[in-house]
Amino acid sequence: MSYGSSSSGGRGGRRVEYGRTYVVRPKGRHQATIVWLHGLGDNGASWSQLLASLPLPNIKWICPTAPTRAVAAFGGFPCTAWFDVEDTSVDGRDDIEGLDASAAHVANLLSSEPSDVKLGIGGFSMGAAAALHSAACYAHGRFTNGVAYPVTLSAVIGLSGWLPCSRTLKSKMDSSQTALRRAGALPILLSHGRADEVVTYRNGEKSADFLRGSGFQYLNFKPYNGLGHYTIPEEMDDVCKWLSSRLGLDRSRG
């Protein structure tokens, strides 16, 4: 199932048009909803097909498509992107407005879910970076622009990604005991291939170190030997096991 596009604020106050959102309905009792964010230049359709095949009948997946925007890493060439990026590393320049706009869009997608359903965010590559920014906003209690973060997260997954805004994360978490408490209680799974040539394995490691050093202690970092910038069945099997355990999901469709 899919929905049409929507718009939201972007860099410099411009409106950005999000692409089509694809929804995978749960085949069993609805226990969790996870927004899954694709990588640079991709769309929600491809991931919705993969996620629909996973043995997780109690999860509803929402797979939005990012706006098409000029991307500095491609010399200004337009493609689907959750934010502008020059360098896919923890040390790169951060498009804070773009990150906040995407985090707000994701939170809005989750805000209408039933109150008894657990909420999560996952993503691949740039989508993982956007998911980790959402995790930081949730723990801090507000977006970078000061607007309150509106939903409670129970799980965050990042595959082959990196942590944006790493330089300011620790000071944000140290700003209040509530932020540190939220950070410490949020389950995060980071997975990264040792042979990743797009977002290097070292950037994945450094992202995990930054997160742990900022109070995100409930974090599991899983490396995969020989894996490049893509996913494999073994990795997705591990994601399924982790989600089932952390969210307390039923094993059946009942």
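What follows is a chat about those labels and the values behind them.

Me: Before anything else, what kind of model is this?

Reply: This is a predicted model, so keep in mind that local features are reported at pLDDT of at least 70.

Me: Okay. Why is Ser160 called buried?

Reply: Buried means under 20% relative accessible area. Ser160 has 0% relative accessibility, so Ser160 counts as buried. You'll find Ser160 in the loop between strand E10 (155–159) and helix H4 (166–173).

Me: Where is Ser125, and is it buried or exposed?

Reply: Look in the loop between strand E9 (118–124) and H3 for Ser125. The relative accessibility of Ser125 is 7%, and the cut-off for buried is under 20%, so Ser125 counts as buried.

Me: What about Val117, why is that called buried?

Reply: Val117 has a relative accessible area of 7%, which is under 20%, so Val117 is buried. Val117 sits in the loop between H2 and E9. If you skip residues up to four places away in sequence, Val117 touches His30, Gln31, Ala32 and Thr33.

Me: How far apart are Val117 and Ile59?

Reply: They are 58 residues apart in sequence, and their C-alpha atoms are 9.4 Å apart in space.

Me: And how do you know that Val23 is buried?

Reply: Val23 shows 4% relative accessibility, and under 20% is what buried takes, so Val23 qualifies. Val23 belongs to strand E4 (residues 21–24). Between the C-alpha atoms of Val23 and Ser160 there are 23 Å, with the two residues 137 apart along the chain.

Me: What makes strand E11 mostly covered?

Reply: Count the buried residues in E11 (residues 188–193): 6 of its 6. Both faces are covered, with Ile188, Leu190 and His192 buried on one side and Leu189, Ser191 and Gly193 buried on the other.

Me: Which strands does E11 pair with?

Reply: E10 pairs with E11 in the parallel sense over 4 bridges, and Ile157 stands opposite Leu189 in E11. Strand E12 (residues 219–224) also pairs with E11 in the parallel sense, over 6 bridges. There, Gly193 has Tyr224 in E12 as its bridge partner.

Me: How do you know that E7 and E8 count as paired?

Reply: Two strands pair if there are at least two bridges between them. E7 (residues 68–71) and E8 (residues 77–80) are joined by 4 bridges, so the pair passes that cut-off, and the two run antiparallel. Val71 stands opposite Phe77 in E8. The hairpin of E7 and E8 has 5 residues between the strands, and Gly75 takes a positive phi near 70 degrees in that hairpin.

Me: Why are H2 and H3 called roughly perpendicular?

Reply: The axes of helix H2 (residues 96–110) and H3 cross at roughly 80 degrees and come within 9 Å. Angles of 65 to 115 count as roughly perpendicular, and therefore H2 and H3 get that label. Leu99, Asp100 and Ala103 in H2 meet His133, Ser134 and Cys137 in H3. By class, that contact has 3 nonpolar, 2 polar and 1 charged residues.

Me: What makes H3 oblique to H5?

Reply: H3 and helix H5 (residues 177–185) pack at an angle of about 135 degrees, with their axes 7 Å apart. Roughly perpendicular ends at 115 and roughly antiparallel needs over 145, so H3 is oblique to H5. The contact is made by Tyr138, Ala139 and His140 of H3 and Thr178, Ala179, Arg182 and Ala183 of H5. Those residues divide into 4 nonpolar, 2 polar and 1 charged.

Me: Last one: which residues touch the most other members of the largest nonpolar core?

Reply: Phe83, Tyr149, Leu153 and Phe216 do, in a core of 55 residues. Helix H3 (residues 126–140) gives the largest share of this core, 10 residues. There is also a second, separate core of 23 residues, and Ala32, Leu56, Phe124 and Met236 are among them. Back in the largest core, Leu153 touches residues including Leu110, Leu119, Ile121 and Leu186.

How values were computed
Residues numbered from 1 in each chain as written. Predicted model: local features only at pLDDT ≥ 70, side-chain atom pairs only at ≥ 80, totals over all residues. Heavy atoms only, no water. Core = buried A, V, L, I, M, F, W, Y, C linked by side-chain atoms within 4.5 Å. Buried < 20%, exposed > 50% of the residue type's maximum accessible area, 1.4 Å probe, protein only. Contact = heavy atoms within 4.5 Å. Axes fitted to C-alpha atoms, helices over the stretch in contact; angles between N-to-C directions. Parallel < 35°, antiparallel > 145°, perpendicular 65-115°, else oblique. Nonpolar A, V, L, I, M, F, W, Y, C, P; charged D, E, K, R; others polar.
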